[in-house]
Amino acid sequence: MKFFIDTGDVNEIREAHAMGLVDGVTTNPSLIAKSGRKYKDVVVEICELVDGPISAEVLSTTYDEMMKEAHEWHKLHKNIVVKLPLIPEGLRATRTCTQEGIRTNVTLCFSPNQALLAAKAGASFISPFIGRLDDISETGMDLIEKIVTIYENYNFKTEVLVASIRNPTHVVDAALLGADVCTIPFSVMKQLAQHPLTDAGLKKFIEDGKKIPR
Ligand code: E4P
């Protein structure tokens, strides 16, 4: 399973990348707004750091405007994947991008049928938001299971990119279901490495190490 980092913070990307945990990056307008920087400046800097798919989202909702933004993102760097919303106009833009050889990440997916439409439009990635489903008392991971099954049934090439991850259990469950990618906040990436037995064992090894004659 590939690990993408879900952030607009370049320092987090640098740190996670140094640990070999960054196969790609996802951004969205809310994450970039937090950085206080221009969207393009952040994305260009990320592209210089990470040689993998970097999702950059369009900010408009009509076909013509989305295509204009898609062309601008595509021209900016070869690693950029254009992130488009799962609305009818977004699906139309996805299809055109695919025909033009522009990679796409269809975002804000909350149902298996939406994922089916994105695959039929030729999306490179589908982003089901599992944490936001959990937030409204649904089981987000059930959506991943259904999408993985549907895509396998029909051999769709669209990669399942599990998004809106909130905790380490989301990551292991996505891996067990065979999802292609998890996009993970840096805080959760750090949690993945933690185990109390590792800490206790290391403490003992350090103590005993001091008793070894040098
Ligand atoms: C995915 O590409 C989105 O950026 C992200 O995972 C959304 O997560 P949130 O629900 O925590 O905002």
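Modeller: One definition is needed for the helix packing: axes are lines fitted to C-alpha atoms, for helices over the stretch in contact, and angles run from 0 to 180 degrees between N-to-C directions. Please also bear in mind that this is a predicted model.

Colleague: Understood. At what angle do α1 and α3 pack?

Modeller: The angle between helix α1 (residues 10-18) and helix α3 (residues 39-49) is about 10 degrees, and their axes lie 10 Å apart. Angles under 35 degrees count as roughly parallel, so α1 is roughly parallel to α3.

Colleague: Which residues make the contact?

Modeller: From α1, the contact involves Val10, Ile13, Arg14 and His17; from α3, it involves Val42, Glu45, Ile46 and Leu49. Sorted by class, the contact of α1 with α3 comprises 5 nonpolar, 1 polar and 2 charged residues.

Colleague: Which residues of α1 are buried?

Modeller: Val10, Ile13 and Ala16 are buried in α1. Viewed down the axis of α1, the buried residues fall within an arc of 125 degrees, so they line one face of the helix. Asn11 and Ala18, on the other side of α1, are exposed.

Colleague: Why would residues three or four places apart point the same way?

Modeller: An α-helix has 3.6 residues a turn, so residues at that spacing point the same way.

Colleague: And what covers the buried residues of α1?

Modeller: The cover includes β1 (2-6), β2 (24-26), α3 and α10 (186-192).

Colleague: Let us move to α4. How many residues does it have, and what span should they give?

Modeller: Helix α4 (residues 63-76) has 14 residues, which at 1.5 Å a residue should span 20 Å. The end C-alpha atoms of α4 are 20 Å apart, in agreement with that expectation.

Colleague: Which of its residues are buried, and which are exposed on the other side?

Modeller: The buried residues in α4 are Tyr63, Met66, Met67, Glu69, Ala70 and Trp73. They are on the same side of α4, because they cover an arc of only 165 degrees around the axis. Asp64, Lys68 and Lys75 are exposed on the other side of α4.

Colleague: What do the buried residues of α4 pack against?

Modeller: They pack against α3, β3, β4 (80-85) and α5 (88-99).

Colleague: Since β3 has come up, is serine 55 buried or exposed?

Modeller: Serine 55 is in strand β3 (residues 54-57). Serine 55 has a relative accessible area of 1%, and under 20% counts as buried, so serine 55 is buried.

Colleague: What does serine 55 touch, leaving aside residues up to four places away in sequence?

Modeller: With those left aside, serine 55 touches Val25, Thr26, Thr27, Tyr39, Val81, Lys83 and Asn105.

Colleague: What about α6: which residues are buried there?

Modeller: In helix α6 (residues 112-120), Ala115, Ala118 and Ala119 are buried. The buried residues of α6 fall within an arc of 100 degrees seen down the axis, so they line one face of the helix. Asn113 and Lys120 are exposed on the other side of α6. The buried residues of α6 pack against α5, β5, β6 (125-128) and α8.

Colleague: Which glycine follows α6, and what is its phi?

Modeller: Glycine 122 follows α6, and its phi is positive, near 95 degrees.

Colleague: Which residues have a positive phi although they are not glycines?

Modeller: Leucine 108 is one of them, with a phi of about 65 degrees. Leucine 108 lies in strand β5 (residues 104-109) and is partly exposed, at 33% relative accessibility. Serine 137 also has a positive phi, of about 70 degrees, and is not a glycine. Serine 137 sits in the loop between α7 (130-135) and α8 (140-154) and is exposed, with a relative accessible area of 70%.

Colleague: Where is asparagine 153, and how far is it from glycine 131?

Modeller: Asparagine 153 is in helix α8 and counts as exposed at 54% relative accessibility. Asparagine 153 and glycine 131 are 25 Å apart in space, C-alpha to C-alpha, and 22 residues apart in sequence.

Colleague: Finally, how many helices and strands does the protein have?

Modeller: The protein has 11 helices and 8 strands. Of its 214 residues, 46% are buried.

Definitions and conventions:
Residues numbered from 1 in each chain as written. Predicted model: local features only at pLDDT ≥ 70, side-chain atom pairs only at ≥ 80, totals over all residues. Heavy atoms only, no water. Helix = DSSP H or I, 4+ residues; strand = E, 2+ residues; numbered from the N terminus. Parallel < 35°, antiparallel > 145°, perpendicular 65-115°, else oblique. Contact = heavy atoms within 4.5 Å. Nonpolar A, V, L, I, M, F, W, Y, C, P; charged D, E, K, R; others polar. Buried < 20%, exposed > 50% of the residue type's maximum accessible area, 1.4 Å probe, protein only. Expected span 1.5 Å × (residues − 1). Arc of directions from axis to C-beta.
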